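Visitor: I would like to learn how to read a structure like this one. Could we start with the core?

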Amino acid sequence: MDILANLWLGLSVAASPINIALCLLGVLVGTLIGVLPGIGPIATIAMLLPITFNLEPVGALIMLAGIYYGAQYGGSTTAILVNMPGEATSVVTTLDGHQMARQGRAGAALAIAALGSFFAGCVATVVIAVLGPILSKVAQSFGPAEYFSLMVVGLIAATVLASGSVIKAIAMILVGLLLGTVGSDIETGAQRLTFDIGELADGINFTTLAIGLFGIAEIIRNLERPEERGVLDRKITGLMPTWADIRQSFPAVLRGTTLGSILGILPGNGAVLAPYASYTLEKKIADDPRRFGKGAIEGVAGPESANNAGAQTSFIPLLTLGIPPNAVMALMVGAMTIHGIIPGPKVMESNPTLFWGMIASMWIGNLLLVVINLPLIGLWVRLLKVPYRLLFPAILVFCCIGVYTLNNSAVDVVLVAVFGFVGYGLLKLGFEPAPMLLAFVLGPLMEENLRRAFLISRGDPMVFVQRPISLGLLLVALALLAVVVLPAVRKKREEAFQED
Amino acid sequence: MTRLRNPGNLIGGLLLIALALFTFWQTADLEIGRAMRMGPGYFPRLLAILICAMGVLLVAISAFTPGPRLERWSWGKLALVLGAIIVFGFTVRPLGLVLSGAILIVLSTLAAPDSRWKETAVFGVGLLAFVTLLFPVALGLPLAIWPRF
């Protein structure tokens, strides 16, 4: 069995003391920011990118991946205990999770969320290990036309899944692509939109953009809203769920894992939908749907598993095709390029230890999360009591130091303020910034592949529809666009986002 | 003046059009080339055209469909937080991490609705000690800790 041999190789990499330590650090930091509302994985990973310069590439990626799925765990803790989603993906968990907590079953809810996520994580790891090699084989036959069409699909899918107006989401993507063109042109070296600022010659720094758009804008936004955090004062008892709980939630965990794994693979951040889809499904097939919203354990188990499975399988498009499906994965591209690794189908052959090490580390990370986090819940609860008036200056200090040390230049720090302003304005005008960040990363890749495709076809645009895979992908993109425009689906989509 | 029916879309659309025009102006001297051999100006201007189209669409929509009112902007908080960041950017080299960090903490805390200065002072000292030990000392990043005279 190839897969077993590969996983064994991965385990031997991931289980080295230094990598376990980095994985532990990653999941701890991830849980911390997941627990704390107002700072998400995007801003955190962006902040920590400069620190990973000094690490081995495998270790750096293991740590960053740990932050990502650690944040998913932490987000659900806040959702259950405080009725406030620590992360966007744990919105659904507040519905039944917090009700369970109110009925004195916080322990059971937290444990089921953690165990369900662990199960989902294990399954998703196997899915990646099985599908990864197959997909990268397919991807190796891709030419520039196919890559371009694939990125179009990814970006269109991102607009479909963005909340709010589709036109606004498409506009955000286009602006993101435009920001990606800033800097020296790859072929001619001509300066594009750099305004004679030397620091912009290499393009806008990804970290600067991400911290400004997500970190700073969120801080100002949070300061506007008066703080209300009704942390549960009751002591959490009975962490272990009863057998009845487990019997009741296991089928939900299985369904959630399946849904999440499938949605996570889709380009364009399908993972975001996973918890919503799972919750709807559980409610539909339940004997008594009225229990939902009043502390049904399936309403925690299903979405939490779906969430974690989706979070992990969204690594598949990144690792096999080199195309990030969402903004966090886009950051991972940044982290890989810093270390001179170009994400894509060749990573698995040229860097097997990196590829399999990272996959195996996800399993270790999930195990660590269960072992560490359940006993640490008391600590997380106490952290939740740190008031925001102390928290946000600390976040600002970390952001500023992180950005300044990128190039030791004040220009980067000023740019963070500029993008913070832009991000705040976008929030106020009802534009969602996440598709913009994704497009920013894909922009240069897209332009390069577009140029190459046209060069090969001697300027004939038919190349995109004459090659079957490319044509198929473009048809998928068209279908996705059609789907959003159809009134019935639009209503469903609005409902799904209503629950925010 | 009548109230705008859909201010978010209208302003957003106008800003997009402005961005597109600005891009055209700034890329005016870049060679466009042809599809077969694209110049550096081809892709940005293609995007500018599409952005302009989205802007026009948004403006058009805003004329026909009502939308939510604009949320109020907290200009004061915005200016304090962004100002604190910019001041940090320019002071960290001459003043060093500790002093510029302190300025950043004080300026940004002014934006908090419920600041308590004693608490902030204690927390701030601890925070600065931590980042000083973490970044320049433990991670060896080239940051000055104290002012250079």
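Guide: A nonpolar core is a set of buried Ala, Val, Leu, Ile, Met, Phe, Trp, Tyr and Cys residues joined through side-chain atoms within 4.5 Å. Keep in mind that this is a predicted model.

Visitor: Which residues touch the most other members of the largest nonpolar core?

Guide: That core holds 184 residues, and A:Ile216, A:Phe315, A:Met332, B:Ile85 and B:Phe88 touch the most other members. The element that gives the most to this core is helix α16 of chain A, residues 352-384, with 17 residues. Chain B takes part through both domain 1 (7-64) and domain 2 (75-138), so the core lies between these domains.

Visitor: What is B:Ile85 in contact with, leaving aside its neighbours within four places in sequence?

Guide: In chain A, B:Ile85 is in contact with A:Ile216, A:Leu396, A:Cys400, A:Val413, A:Val416 and A:Ala417, and in chain B with B:Leu104. There is also a second, separate core of seven residues, among them A:Val91, A:Val92, A:Phe292 and A:Ala296.

Visitor: How many residues of each chain are in contact across the interface of chain B and chain A?

Guide: Chain B brings 67 residues into contact with 56 residues of chain A. Between them the two chains bury about 5800 Å², with 80% of that area on carbon and sulfur atoms. For the polar part, the rule finds eleven residue pairs in polar contact across the interface, counting pairs with both residues at pLDDT 80 or more. On the chain B side, α1 (7-26), α2, α3 and α4 (117-138) each give two or more residues to the side that touches chain A. Of the elements of chain B, α3 gives the most to that side, with 17 residues.

Visitor: How far apart are the C-alpha centres of the two domains of chain B?

Guide: The centres of domain 1 and domain 2 of chain B lie 39 Å apart. The loop between α2 (42-64) and α3 (75-109) of chain B holds B:Ser74.

Visitor: Is B:Ser74 buried or exposed?

Guide: Buried means under 20% relative accessible area. B:Ser74 has 18%, so it counts as buried. Leaving aside neighbours within four places in sequence, B:Ser74 is in contact with A:Glu224 and A:Tyr424.

Visitor: Now the charged residues. How many salt bridges does the structure hold over all chains?

Guide: Side chains of opposite charge can pair when their charged atoms come close. The structure holds 15 salt bridges over all chains. One of them joins the side chains of A:Glu447 and A:Arg192, at 2.9 Å from N to O. This pair links distant parts of the chain, with A:Glu447 in helix α19 and A:Arg192 in strand β2 (residues 191-192), 255 residues apart. Both A:Glu447 and A:Arg192 are buried.

Another pair is A:Glu282 with A:Arg255, also listed at 2.9 Å from N to O. Here A:Glu282 sits in helix α11 (residues 274-285) and A:Arg255 in helix α10 (residues 243-265), 27 residues apart. A:Glu282 is buried at 2% relative accessible area, whereas A:Arg255 is partly exposed at 30%.

Visitor: How many salt bridges does the rule find across the interface of chain B and chain A?

Guide: The rule finds four. In one of them A:Arg389 pairs with B:Asp114, with the closest N and O atoms 3.2 Å apart. B:Glu71 and A:Lys428 also meet in a salt bridge, at 3.1 Å from N to O. This pair crosses between chains, from the loop between α2 and α3 of chain B to helix α18 of chain A. B:Glu71 is partly exposed at 36% relative accessible area, whereas A:Lys428 is buried at 5%. Elsewhere, salt bridges that share partners join A:Asp185, A:Arg192, A:Glu447 and A:Arg451 into one network.

Visitor: Last, the backbone. What is the phi of A:Asn408?

Guide: Most residues other than glycine have a negative phi. A:Asn408 is not a glycine, yet its phi is positive, about 50°. A:Asn408 lies in the loop between α17 (388-407) and α18 (410-429) of chain A, and is partly exposed at 24% relative accessible area. A:Arg458 also has a positive phi, about 55°, although it is not a glycine. The place of A:Arg458 is the loop between α19 (434-456) and α20 (463-466) of chain A. With 63% relative accessibility, A:Arg458 counts as exposed.

Key:
Residues numbered from 1 in each chain as written. Chains lettered and ligands numbered in written order. Predicted model: local features only at pLDDT ≥ 70, side-chain atom pairs only at ≥ 80, totals over all residues. Heavy atoms only, no water. Helix = DSSP H or I, 4+ residues; strand = E, 2+ residues; numbered from the N terminus. Buried < 20%, exposed > 50% of the residue type's maximum accessible area, 1.4 Å probe, protein only. Contact = heavy atoms within 4.5 Å. Domains from an automatic or database assignment. Buried area = accessible area lost by both parts, 1.4 Å probe. Polar contact = N/O pair within 3.5 Å; in protein donor to acceptor, adjacent residues only side chain to side chain.
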